Amino acid sequence: MEVLSPLKNGVVVDWNIVDNIWDHALRECLLVDPKERPMLLAEPCSNTQEQREFCQQAAELMYEKYKVPALFLAKNAVLTSFASGRATSLVIDSGGGSTTDVPVLDGYVLQKCLDRGEYTGFSWLLPVDVVLQVRV
């Protein structure tokens, strides 16, 4: 078995893998028929124009292959803010590839105030690994 990632630097490079992952998740794990369910997709707030093409291709895949009745694309920071019960917040999202600070005001991202950091989960792996090896 070979495990592949469809992403490279946060951009989808292989849509066949994405299609297989979504197909498995919907039909095998969730046991739902996509034709009967509206879909919600989240996108990062710091998307570049190149990454924005993901949204168009994802929408095409959802409508053409899965025949979803409705599709809503939302910024992940707005969804995080709403999940905490607030329409206004500062969302700090630190993942493996990037860290972003996103101000959300009344359910809208303040795009000009968005900040991307260079300290990520992957950048901390090597120093932590070195410290753990020294202690062992």
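How many residues apart in helix H1 are arginine 27 and aspartate 23, and about how many helical turns separate them? They are 4 residues apart, so about one helical turn lies between them. Welcome to a predicted model, in which local features need pLDDT of at least 70, side-chain atom pairs count only at pLDDT 80 or more, and totals for chains, interfaces and linings use all residues. Residues are numbered from 1 along each chain as its sequence is written, and side-chain values use heavy atoms, with hydrogens and water left out. Helices (H or I, at least four residues) and strands (E, at least two) are DSSP runs, numbered from the N terminus.

**Salt bridges**

- A salt bridge here is a side-chain nitrogen of Lys or Arg within 4 Å of a carboxyl oxygen of Asp or Glu, and by this rule the count comes to 3.
- Arginine 27 and aspartate 23 form one of them, at 2.7 Å from N to O.
- Arginine 27 is partly exposed at 36% relative accessibility, and aspartate 23 is partly exposed at 25%; buried means under 20% relative accessible area, exposed over 50%, and partly exposed in between (1.4 Å probe, protein chains only).
- Aspartate 19 pairs with lysine 65, their closest N and O atoms being 2.9 Å apart.
- Because aspartate 19 sits in helix H1 and lysine 65 in the loop between H2 and E4, this pair ties together parts that are 46 residues apart in sequence.
- Aspartate 19 is buried, at 15%, whereas lysine 65 is partly exposed, at 37%.
- Glutamate 43 and lysine 75 make a salt bridge at 3.6 Å between the closest N and O atoms, linking strand E3 to strand E4 across 32 residues.
- Glutamate 43 is buried at 3% relative accessibility, while lysine 75 is partly exposed at 24%.

**Strands E3 and E4**

- Strand E3 (residues 39-43) has a covered face of Met39, Leu41 and Glu43 and an uncovered face of Leu40 and Ala42.
- E3 pairs with strand E4 (residues 71-75) in the parallel sense over 5 bridges; two strands pair if DSSP finds at least two bridges between them.
- From E3 the chain passes through helix H2 (residues 49-64) to E4 in a right-handed β-α-β crossover, a term that applies if, with the strands pointing away from the viewer, the path from the first strand over the helix to the second runs clockwise.

**The largest nonpolar core**

- A nonpolar core is a set of buried Ala, Val, Leu, Ile, Met, Phe, Trp, Tyr and Cys residues joined through side-chain atoms within 4.5 Å.
- The largest one has 12 residues, including Val12, Trp15, Met39 and Leu61.
- Helix H1 (15-29), E3 and H2 each supply at least two residues of this core, and H1 gives the most, with 4 residues.

**Helix H3 and its surroundings**

- Ala77, Val78 and Ser81 are buried in H3, and they line one face of the helix because they fall within an arc of 100° seen down its axis; the arc is that of the directions from the helix axis to the C-beta atoms.
- Serine 81, in helix H3 (residues 76-83), is buried at 1% relative accessibility.
- Leaving out residues up to four places away in sequence, serine 81 touches Arg86, Ala87, Thr88, Ser89, Val91 and Val104, where contact means heavy atoms within 4.5 Å.
- Proline 103 is found in strand E6 (residues 99-105), and its C-alpha atom is separated from that of serine 81 by 9.5 Å.
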